Amino acid sequence: MSAILTYALHYEGEFNKNSLGAVSEAAKLAGEIGGEAAAVVVGDGDDLTDDLCKSLGKYGAAKVFRAEAPEGLAQPVVDVMAKVIQDEGFRYALFGGGLLGFEIGAGLTARLNAGVTMEVTEVKAQDGKLVAVRPVLQDSAIVDVEYVSEPGIIIGRLNAFDTPEPGEGDAEVVDVDVQLEEHSTRAKMVQRGEQRGADVNIEDADLLVAGGRGLGSAEGFEQCEQLAEALGGAVAATRAVVDAGWYPYAAQIGQTGKTVAPKLYLAAGISGAIQHKVGMQSSENIVAINKDPNAPIFEFSDLGVVGDLNKILPKLTEAVKARKGAG
Amino acid sequence: VKICVLVKEVPDAAVEKRLDPGTKRLDRSGEKNLNPFDTHAIEAAMQIREGGAIDVDEIVAVTMGPESAFRALHKAVSLGADRSVHLTDEALAGSDVAATGYALAKVLGSESPDLVLLGQQSDDGECYTIGAVVADHLKMPSLTQVIKIEAEGDKLRCERQAEYGYDTVEVELPAVISVGDAINEPRYPSLKAIMGAKKKQLDTKSASDVGIEADRVGEEGSRTAVLAVNDPPQKQAGEIIEDEDTGETVEKIVAWLDERKLLA
């Protein structure tokens with residue numbers, strides 16, 4: 001019996017980590033409510049091989065529905081998933097925490113007149129149904145949400161579902177032929193996955209100094225770089241400053257960037273929006289410096305400093321150098 | 001072309017937000033303001049008009065919300081919209097994302113826009129999703145979290161960050177585009193624009209005016225229900241230092257780092 005359908009995003013012959021998390025979460029939940037978990041894959045390149053599709057079986061997918069359609073855009077996937085859900089009778093659709101998952105889930109909500117929950121951090125099986133758990137209002141409350149009809153759409157928060165080690169087994173690959181809606185053909189990918197700015201490695205650093213809008217300008221990052229150098233770490237950035245062109249994309253933490261868990265995460269001028277928090281909240285020690293005492297980051301930092309970065313960072317750099325020199 | 005900008009009144013950023021324990025809905029009493037993300041959508045509409053690559057006949061601000069939400073429309077008009085439409089009806093109260101998206105699509109449909117713009121998220125809850133819900137109902141191509149729009153004839157060239165870097169996508173009009181706050185710096189309204197906003201045309205519509213089926217909206221029409229509201233697991237509050245004497249502050253930070261062997 002078909003229970004839970006997921007979307008597995010792939011790029012250049014590899015599945016997305018959050019998608020694999022969603023596939024294995026779906027398999028676990030399907031076991032609890034009864035039925036099978038399956039995944040939809042969509043692409044127009046030659047990298048969606050039988051072997052790649054079958055490999056989702058190692059994460060618990062019983063079946064993989066493969067459709068040929070433009071990749072990297074949500075609406076063609078909505079068409080494919082809507083058809084598979086209706087033909088096969090899936091009760092839920094589950095997405096990992098990426099941008100496309102939000103768009104596809106939202107599109108399915110409209111297409112199937114289905115309930116949707118987003119930013120979900122946990123899914124529970126209760127009385128043969130799924131209940132989504134999601135934080136709301138800047139994580140100040142957590143609500144349990146049920147679906148009053150099926151199908152139900154569940155959009156996870158980034159990193160909500162752990163990616164397990166692959167197990168054994170192959171998924172059955174089913175090719176599906178889907179006539180795309182007219183509107184799904186009116187957006188075209190011109191360029192995908194463009195990297196902007198220098199290629200920097202932040203994922204291997206034990207100590208990270210991360211800069212946000214509070215630095216005031218691109219030049220403000222020099223202070224972060226000097227502090228990072230003194231600490232022997234690397235520099236990371238928020239989405240806002242990357243989009244503003246202050247720092248390279250490769251250094252971005254959060255929803256559409258990287259996820260890190262260093263020993264020290266020193267956040268300079270970062271307010272701590274959810275989209276940033278999801279990429280760094282597992283850091284061992286979080287230090288935040290911000291002039292706004294009400295910044296949300298102080299609610300999940302271990303040490304919070306309310307003050308002016310321009311005054312604190314240079315002195316802190318000197319003090320760290322002095323301490324390390326003495327030690 | 002006609003651009004409709006979806007806007008929303010949200011609790012002011014300075015107001016502490018809470019869920020009403022009885023209704024399990026957001027307590028919407030207290031100071032309210034135009035959702036900051038929506039000001040970027042209005043600015044994006046203004047820049048398309050001023051850019052001249054597309055001939056913009058009209059920019060219309062559209063909202064759904066209680067009676068008080070007309071203030072968000074006045075603000076939107078002061079920022080550049082030519083007129084506004086307010087969908088308000090008791091029957092809509094308590095609508096979830098599915099019901100809200102359906103209702104918004106209906107009121108937008110009555111305006112037949114060539115482009116719908118909106119902010120990618122609102123300060124009070126649902127993130128990233130409304131644009132894509134509305135687009136599917138309207139059968140328009142759609143893109144969310146867009147940070148750059150270039151108009152070229154009847155197409156928009158849009159940029160955004162996706163899972164693997166920056167994507168550039170060409171979208172044909174009519175379309176629904178939600179924008180991020182990096183897309184522009186919204187202008188400040190002039191005093192004249194603020195004063196004049198109240199005089200611009202504001203049409204108030206009920207659910208039946210725009211053909212909304214009553215059983216698809218409100219609490220009844222919603223496809224989700226909140227079972228329980230809980231407190232988040234409490235993380236032990238961190239230590240806070242107010243920087244008064246920077247020398248002293250820095251000493252405290254270094255000592256704190258040292259204690260955790262982070263300066264080894």
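In the predicted model, E181(A) and R111(A) form a salt bridge in which the closest N and O atoms are 3.9 Å apart. E181(A) is located in the loop between strand 12 (172-175) and strand 13 of chain A, whereas R111(A) belongs to helix 4 (residues 99-111) of chain A, so this pair ties together parts that are 70 residues apart in sequence. E181(A) also forms a salt bridge with K139(B), and here the closest N and O atoms are 3.3 Å apart. Over all chains, the whole structure contains 37 salt bridges. Between chain B and chain A, the count is six.

The contact between the two chains involves 89 residues from chain A and 79 residues from chain B. About 7400 Å² of area is buried between chain B and chain A, and carbon and sulfur atoms give 56% of this area. Within chain B, the residues that lose the most area to chain A are Y164(B), Y166(B) and R223(B), which together account for 12% of what that side buries.

Polar contacts also cross the interface of chain B and chain A, where 39 residue pairs are found, with both residues at pLDDT 80 or more. Several elements of chain B each supply at least two residues of the side that touches chain A; among them are helix 3 (97-109), helix 4 (130-138), strand 7 (142-152), strand 8 (155-162) and helix 7 (246-259). Helix 7 of chain B provides the largest share of this side, nine residues. By residue class, the side of chain B that touches chain A is made up of 38 nonpolar, 23 charged and 18 polar residues.

The chains are also joined through strand pairing. Strand 13 (residues 187-194) of chain A and strand 9 of chain B run antiparallel and are joined by five bridges. Within this pairing, V169(B) in strand 9 of chain B is the bridge partner of M189(A).

Aromatic pairs were searched for in the whole structure, and six were found over all chains. One of these is formed by Y11(A) and Y164(B), whose rings are stacked, with 4.3 Å centre to centre and 15° between the planes.

How values were computed
Residues are numbered from 1 along each chain as its sequence is written. Chains are lettered from A and ligands numbered from 1 in the order in which they are written. This is a predicted model: local features need pLDDT of at least 70, side-chain atom pairs count only at pLDDT 80 or more; totals for chains, interfaces and linings use all residues. Side-chain values use heavy atoms; hydrogens and water are left out. Contact means heavy atoms within 4.5 Å. Buried area is the accessible area (1.4 Å probe) that two parts lose on being put together, summed over both. A salt bridge is a side-chain nitrogen of Lys or Arg within 4 Å of a carboxyl oxygen of Asp or Glu. A polar contact is a pair of N or O atoms within 3.5 Å; within protein, one must be able to donate a hydrogen and the other to accept it, and residues adjacent in sequence count only if both atoms are side-chain atoms. Helices (H or I, at least four residues) and strands (E, at least two) are DSSP runs, numbered from the N terminus. Ala, Val, Leu, Ile, Met, Phe, Trp, Tyr, Cys and Pro count as nonpolar, Asp, Glu, Lys and Arg as charged, and the others, Gly among them, as polar. Two strands pair if DSSP finds at least two bridges between them. Rings of Phe, Tyr and Trp (its six-membered ring) pair if their centres lie within 6.5 Å; planes under 30 degrees apart count as stacked, over 60 as edge-to-face and the rest as tilted.
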